[in-house]
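Subject: Structure handover

Hello,

Here is the structure I said I would pass on. My notes on it follow below.

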Amino acid sequence: MMRVHGFARLNDRIASPSPFCLKLETWLRLASIEYKAVGDFNPMKAPKGKAPYVTLDDGRVLADSAHIIETLTAELGIKLDVHLTPEQRAKSVLLQRTVEDHLYFCILHERWIRDEGFAILKHAYFSDMPMPLRAIVPLMVRRDIKKIGKAQGTSRHSDTEIWAAGVADIEALNVILGDDDFYGGTKPATMDAIVYGAVANLLWGPFPGPLQDAVAQRKRLVVWAERVHAQTFGA
């Protein structure tokens with residue numbers, strides 16, 4: 001069975017505290033692909049130093065959630081997005097960029113760089129890791145993420161500015177969803193997994209703050225998240 005390497009399960013509602021890991025697990029369930037999640041992430045062993053990565057039945061190792069999804073879609077003939085129109089496919093690209101290249105860095109700053117978030121994160125992400133790695137790895141990853149946040153630019157702003165930018169992303173996701181059942185229309189698609197990875201983590205994660213409040217205050221997003229959760233991870 002395919003093994004998905006990532007972080008320990010966050011809580012009863014969230015399979016992974018990582019938006020990218022949760023995105024992949026959600027997609028695998030929407031695509032009816034069996035897998036086993038393993039909370040053994042170690043940046044020194046991960047092929048690209050990031051989570052998630054997977055070990056396939058044939059022993060191959062694939063890294064990067066987008067690359068994993070693209071590879072499995074091609075090799076297994078997955079039809080999850082076959083119903084999408086050209087316009088919906090374009091929307092999927094834009095949603096992915098918004099969630100993974102902007103909102104993600106707002107979440108990253110809140111959890112990894114702010115001391116209040118990191119105090120919660122250390123246990124949430126690494127509780128399954130044995131000592132002494134459990135004490136060392138979080139600090140190693142945080143050091144690298146601080147550099148990434150600075151280089152990417154988000155962490156050069158104040159907390160208030162970062163929260164405002166993240167809330168704007170969340171409102172855009174809310175408006176784009178509209179009254180549809182899914183971002184894929186009447187049926188879920190890969191873009192639902194992409195958005196769910198971030199939104200579910202914000203909504204049900206143990207990180208209080210303006211981003212969590214912004215999701216909770218938008219009923220359409222909450223109802224949509226509940227719908228995706230029920231279809232993938234159970235009621």
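Which residues touch the most other members of the largest nonpolar core? They are W27, W112 and W224, in a core of 75 residues. Please keep in mind that this is a predicted model. Helix 7, residues 190–204, gives the most to this core, with 11 residues. In general, nonpolar side chains of soluble globular proteins tend to be buried together.

W224 is worth a look on screen. Leaving aside neighbours within four places in sequence, W224 is in contact with L177, D181, F182, Y183, D192, V195, Y196 and V199.

H229 sits in helix 9, which covers residues 219–232. Is H229 buried or exposed? With a relative accessible area of 2%, H229 falls under the 20% cut-off and therefore counts as buried. Its side chain has a polar contact of 3.2 Å with the side chain of Y196. The H229 side chain also reaches the backbone oxygen of G234, at 2.9 Å.

Four strands make up an open sheet, ordered 2-1-3-4, with mixed pairing. Strand 2 (35–38) and strand 4 (61–63) are the edge strands, each pairing on one side only. From one strand to the next, the twist averages 20°. Strand 1, residues 2–5, pairs with strand 2 in the parallel sense, over four bridges. For M2, the bridge partner in strand 2 is Y35.

Helix 2, residues 65–76, lies across strand 1, strand 3 and strand 4 and runs at about 125° to strand 4.

As for the chain as a whole, it has nine helices and four strands. Read from the N terminus, the order of elements is β-α-β-β-β-α-α-α-α-α-α-α-α. The radius of gyration is 17 Å, close to the 18 Å that the globule rule gives for 235 residues, so the chain is as compact as a globular protein of that length. The C-alpha trace spans about 45 × 45 × 35 Å along its principal axes. Of the 235 residues, 53% count as buried. Among contacts between residues at least 6 apart in sequence, 72% join residues at least 24 apart.

Regards

Conventions. Residues numbered from 1 in each chain as written. Predicted model: local features only at pLDDT ≥ 70, side-chain atom pairs only at ≥ 80, totals over all residues. Heavy atoms only, no water. Pairing = 2+ DSSP bridges. Helix = DSSP H or I, 4+ residues; strand = E, 2+ residues; numbered from the N terminus. Axes fitted to C-alpha atoms, helices over the stretch in contact; angles between N-to-C directions. Contact = heavy atoms within 4.5 Å. Core = buried A, V, L, I, M, F, W, Y, C linked by side-chain atoms within 4.5 Å. Buried < 20%, exposed > 50% of the residue type's maximum accessible area, 1.4 Å probe, protein only. Polar contact = N/O pair within 3.5 Å; in protein donor to acceptor, adjacent residues only side chain to side chain. Rg over C-alpha atoms; globule rule 2.2 N^0.38 Å.
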